[in-house]
Amino acid sequence: MSAPVPPTVETKMATRLTSRPAFQSLTKHFESASGLHLRDLFATDPKRSERFSVDAAGLFLDYSKNRITDETMALLFELARQSGVQEHIAAMFSGEKINITENRSVLHVALRSARTDTCNVDGHNVVPDVHEVLDRMAAFASRVRSGEWKGFTGKPIRNVVNIGIGGSDLGPVMAYEALRHYSRREMIFRFVSNIDGTDFAEATHDLSPDETLFIISSKTFTTLETMTNAHTARDWLLAAAKQPAHTAKHFVAVSTNAKEVSAFGIDTANMFGFWDWVGGRYSMDSAIGLSTMLAVGPENFSRMLSGFHAMDTHFRTAPLERNMPVIMGLLSIWYNNFFGAQTVAVLPYDQYLKRFPAYLQQLTMESNGKSVTVSGHRVDYETGPIFWGEPGTNGQHSFYQLIHQGTKLIPCDFIGFAKSLNPLGNHHNLLMANVFAQAEALAFGKTEEQVRQEGTPEWLVPHRTFDGNRPSNVILAHQLTPEILGALVALYEHSVFTQGVIFSIDSFDQWGVELGKVLAKKIASELAASDDSGLNHDSSTNALMRRYRRERA
């Protein structure tokens, strides 16, 4: 039986979102606010950008180009209070079991705590446990990076292949790409997640087995996709190494299942664990980040953790009105639940962040893609929006047309940096000019009168008019460093958390991924059968399976 939600939180979350007085006031306020245009809001308020901006953990957020007024924000902050956001933050940091459907604490914040901090789970301070694993990871990473760790022919490791799926893949891939500038360039890092054999084949086709280390990331060491790829990796290695004992020289595990790890052939001394209070999509700064540490080194990994911690501290201590994750979460609520905006575009103007939108897709949509409240009732409002995006300026030649002149309202998060890690000529000024120009164009557009003044023929005027009034946030930092990456990820983690509390949903379970996995196991065995006698699915599934068998034969 699940533990109850903490009493201070339970009463507020039990009230349906649409029944809260602040939500009803926002509904009434929306009737007038929805007709406001950003052109007029800026024209009548010279200090608007000063009021609607905030600094935290090395990040600067300008949210002035949103369709909001002081009254809007006051009502949104009141909604946060009535929803118990502050109490829920305290409950999370104190180790309360706020993941109610799994009766678990939610303490990914402990993964980046200082050694002197205290984070209790069932009365036990887990911070020493976290740092014990981090110290073991650092020692191992140093051995590999220095060349001390040798493969079966006595050569040092040059290639690292991380095998995982979901949070065990998306976080490490994103972090490696984001911090590639800081990585050990003479080493090759690859990531395998898809059960499609092509993923493994392409990741290893140019690698030498005697110089390759595999990291198998699976808490239970039973995940279907991960273990299928792990066994293929072992077969690939042993085809060259011949002796099963050599497995221990080329495989390490991020897991808690010592029995299965040992049976696979991995020395449990090289098994790095994490805990059930760490959700997969919140685990990139746990042992799941071993590939990141191998790539950038223990010192840079520690710097990333300090960035996480700085944003955690801000989120925990800043008042709602100056709390960056809370503000971003509330703005998402405003567009999702009042304007009917169903998506958010995340647009990083740094090529190193090319996998950041994909990482956010799991973080946001697996967390808040729920339709039942913590009390088990169906919601009567929209919950988590769809996240998507591409790095700039590529997206400008792809989907920006729809954002600017399409029929859908798409709030945008622009992410930029004052300094490039690779300064080349005037590239960075041009890149950042596009950040500011796109946000400006979305907000203010171009009127028919302005188009006519440019000498545009009348028949072409409607096509070249931009309505504007399309909202965006601009997030700026000095440079993409390990600290800033940590702060940026934590910003979105806590924004998602804020929205989940207001939605009255459990942002930390993911039951929705289970049914398809269960059915896939059943169907896989049926596809291997020699006849159709066992097929008892719907007519469509049965027909597709029969056709697949014929085509394969």
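I began with Lys155, which forms a salt bridge with Asp210, the closest N and O atoms being 3.6 Å apart; I count as a salt bridge a side-chain nitrogen of Lys or Arg within 4 Å of a carboxyl oxygen of Asp or Glu. The pair links distant parts of the chain, 55 residues apart, with Lys155 in the loop between H7 and strand E5 (159-163) and Asp210 in the loop between helix H9 (197-204) and strand E7 (212-217). For these names I rely on DSSP runs numbered from the N terminus, helices (H or I) having at least four residues and strands (E) at least two. Lys155 is partly exposed at a relative accessible area of 40%, whereas Asp210 is buried at 10%. Here buried means under 20% relative accessible area, exposed means over 50%, and partly exposed lies in between, with a 1.4 Å probe and protein chains only.

Before going on I noted that this is a predicted model, in which local features need pLDDT of at least 70 and side-chain atom pairs count only at pLDDT 80 or more, while totals for chains, interfaces and linings use all residues. Residues are numbered from 1 along each chain as its sequence is written, and side-chain values use heavy atoms, with hydrogens and water left out.

How many salt bridges does the rule give? The count comes to 26 salt bridges. As background, side chains of opposite charge can pair when their charged atoms come close.

I next looked up Glu132, which forms a salt bridge with Arg136, the closest N and O atoms being 4.0 Å apart. Both residues lie in helix H7 (residues 127-146), 4 residues apart, which is about one turn of the helix. Glu132 is partly exposed at 41% relative accessibility, and Arg136 is also partly exposed, at 25%.

Arg303 lies in helix H14 (residues 298-317) and Glu483 in helix H21 (residues 482-503), so the pair ties together parts that are 180 residues apart in sequence. Arg303 counts as partly exposed at 26% relative accessibility, and Glu483 is partly exposed at 25%.

Turning to helix packing, I found that the axes of helix H2 (residues 21-33) and helix H15 (residues 324-339) come within 11 Å and cross at roughly 75 degrees. The axes are lines fitted to C-alpha atoms, for helices over the stretch in contact, and angles run from 0 to 180 degrees between N-to-C directions. That makes H2 roughly perpendicular to H15, a term for angles of 65 to 115 degrees. The contact (heavy atoms within 4.5 Å) is made by Phe23, Leu26, Thr27, His29, Phe30 and Ala33 of H2 and by Trp334, Asn337, Phe338 and Phe339 of H15.

Is Asn162 buried or exposed? Asn162, found in strand E5, is buried, with a relative accessible area of 0%. Its side chain reaches the backbone oxygen of Ser168 at 3.1 Å and makes a polar contact with the side chain of Ser217 at 3.4 Å. A polar contact is a pair of N or O atoms within 3.5 Å; within protein, one must be able to donate a hydrogen and the other to accept it, and residues adjacent in sequence count only if both atoms are side-chain atoms.

I then checked Thr101, which is found in the loop between helix H6 (85-93) and strand E3 (120-121) and is partly exposed at 35%. A polar contact of 3.0 Å joins the side chains of Thr101 and Trp511. The C-alpha atoms of Thr101 and Phe508 are separated by 8.8 Å, although these residues are 407 residues apart along the chain.

My last entry concerns the backbone, where a cis peptide bond joins Gly392 and Thr393, with omega about 10 degrees. Phi of Ser504 is near 60 degrees, a positive value in a residue other than glycine, and Ser504 is buried, with a relative accessible area of 1%.

Technical notes. Parallel < 35°, antiparallel > 145°, perpendicular 65-115°, else oblique.
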